[in-house]
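Please look through the sequence and the model below before reading on.

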Amino acid sequence: MSRRRMLTIALGGAATVALPTPAWAATGQRPGAALPPTLTGRDIDVAKRVSAQRALEHLKVLSIGIGPRIGGTRSERVAAGYLSGVLDKLGYDVELQPFPVADKFLAQLSSPRGLPSDLNWQCGASPHAALDTKVRGDVLDAKLGGEADYPADVRGKILLIDYVADTRETVVALAVARKAAAVIFLPADLVEPRRASAFSPQLPGLATTPAPIPVVGVAQAQKHRLREACKTRKLPLTLSTVAHRGLTSNNVIANTPRRSSTGPVVMVSAHYDTVIGAPGANDDGSGTVLCLELARVLRKLPATAQVRFALWGSEEQGLIGSRYYVAQLPQAERDRILAVYQNDMVATSWDPATRYWLLSFDGLANRATDEVTAAAVRLGYQPRISPVTLRGSSDHQSFQEVGIAAANFSWRGEESPALLEPPYHSPEDTIAKNISLERLQVSLELIGSAAYATAV
């Protein structure tokens, strides 16, 4: 798929998305800032150039034009191609760094009557059931999937069944015996603001003899829409499953050209993959497009250090891409890196996410956290940032594990970095439901100012 085609799809899909455009002068007080700014000339160079609105155009391509970007699958490869193309056009030296990842088992739901378009309808497929197949049938809510939970004749029906680990194989066996067309497992609701993600149901008892029908796992948001639709009308559904095997994921690495190959390096990074069923507008499309926009702005500003942008593949599977990258770096190359600015979920529109968190794997301050703290002071945002807080679970951890200064930066709830927005890891992580251009603009200014101050 060409970049032009992806953008056409994205712009068409985003026609109804209207986000308020940030509007403040480079030297003016920012909305939500406690104090007027006291900017350096370099801060102004960054602030007057960065544009969340421009970054949004890339985000439309990623989250609407491509959608879920599952590590190692075609969707992630398309995204890597788009990102490398943008960075190449900006004049960077771009490298795709491949590495192997585990097989993926995905499913897609659709209906001739149409499913709600505000959700993505990808879900997970069981590796222990029918794969690379497509079935059609009317949906029947089978509740817990027991003998008394649905009529005797369910031949050809697609069954909605509440997922219970202890009974999962028993209810699948009953559905097969009754000639059902497929089973859709529904997750238990999590405590708000958490919502359950789509999943690939594991049926270890069927590992040697897989179920002859598809078995899939949907997200909490999808679950409620399907159940509600069944209450009011007949719902014909098409369900397809695909096994993706022998997979290769990619990191996208971009270096400013014509800089010393032995001098200091400043890294700005994000991950561009997503979990199953999530368009990944905020996690981590927002961090990814922040990198693209800062790459555009910083490429022509004078600096001593080499500025390197890194977009990680397969973060959602356990930081695989960033760990692979770090493992390949000789010690001399590790020693060149002054700081790594990892950006993971930097634009949520969720109202309670009022704190900008500085997250360190060891809980200690380092060059990255110090520079962002200093930038926040200059921008008047210091009261809105957290103290340096112990937390891993993003790609900064891969660097800190080997002694490289790094941190993760993210908008989250005031009380705890564990307080994430309801669309997190869900089909609702869309531009319309989960993106604030104001927060993205602030993130651009904070990271742009900090990274540039480190690089000069």
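**A walk through the predicted model**

Asn-343 has a relative accessibility of 0%, so this residue counts as buried. The structure shown here is a predicted model, and the description below should be read with that in mind. Asn-343 belongs to strand β12, which covers residues 337-343. A polar atom of the Asn-343 side chain lies 3.0 Å from the backbone oxygen of Tyr-341. When neighbours within four places in sequence are left aside, the residues in contact with Asn-343 are Val-268, Ser-269, Ala-270, Asp-284, Gly-287, Leu-290, Cys-291, Asn-408, Phe-409 and Ile-447.

Two of the residues in that list lead to other parts of the model. One of them, Asp-284, is in contact with Asn-343 and is found in helix α7, which covers residues 281-298. The peptide bond that runs from Asp-283 to Asp-284 is cis, and its omega is near -5 degrees. Another cis peptide bond joins Glu-192 to Pro-193, with omega near 10 degrees. Pro-193 is placed in the loop between β6, residues 182-186, and β7, residues 215-217.

Sorted by class, the residues of the contact of α10 with α13 are eight nonpolar, two polar and four charged.

Arg-30 is found in the loop between α1, residues 3-13, and α2, residues 41-47. Is Arg-30 buried or exposed? Its relative accessibility is 2%, and Arg-30 therefore counts as buried, the cut-off for this class being under 20%. The side chain of Arg-30 makes a polar contact of 2.8 Å with the side chain of Glu-445, and a polar atom of the Arg-30 side chain lies 2.9 Å from the backbone oxygen of Ala-26.

Helix α3, residues 52-66, and helix α4, residues 74-89, pack at an angle of about 165 degrees, with 11 Å between their axes. That angle makes α3 roughly antiparallel to α4, since angles over 145 degrees count as roughly antiparallel. The crossing of α3 and α4 is right-handed. In this contact, His-58, Val-61, Leu-62 and Ile-66 of α3 meet Ser-75, Val-78, Ala-79, Tyr-82, Leu-83 and Val-86 of α4. The residues of the contact of α3 with α4 divide into eight nonpolar, two polar and no charged.

The remaining places are in loops. Arg-113 is placed in the loop between β2, residues 104-110, and β3, residues 122-125, and it counts as partly exposed because its relative accessibility is 48%. Although Arg-113 and Leu-235 are 122 residues apart in sequence, their C-alpha atoms are 7.6 Å apart in space. Arg-113 touches Arg-233, Lys-234 and Pro-236, not counting residues up to four places away in sequence, and a polar atom of its side chain lies 2.5 Å from the backbone oxygen of Lys-234.

Asp-132, in the loop between β3 and β4, has a positive phi near 55 degrees although it is a residue other than glycine. With a relative accessible area of 54%, Asp-132 is exposed. Ser-393, which is not a glycine, has a positive phi of about 65 degrees. Ser-393 lies in the loop between β14, residues 385-390, and α11, residues 396-400, and at 57% relative accessibility it counts as exposed.

Methods. Residues numbered from 1 in each chain as written. Predicted model: local features only at pLDDT ≥ 70, side-chain atom pairs only at ≥ 80, totals over all residues. Heavy atoms only, no water. Helix = DSSP H or I, 4+ residues; strand = E, 2+ residues; numbered from the N terminus. Buried < 20%, exposed > 50% of the residue type's maximum accessible area, 1.4 Å probe, protein only. Contact = heavy atoms within 4.5 Å. Polar contact = N/O pair within 3.5 Å; in protein donor to acceptor, adjacent residues only side chain to side chain. Axes fitted to C-alpha atoms, helices over the stretch in contact; angles between N-to-C directions. Parallel < 35°, antiparallel > 145°, perpendicular 65-115°, else oblique. Left-handed = near helix turned anticlockwise from the far one by under 90°. Nonpolar A, V, L, I, M, F, W, Y, C, P; charged D, E, K, R; others polar.
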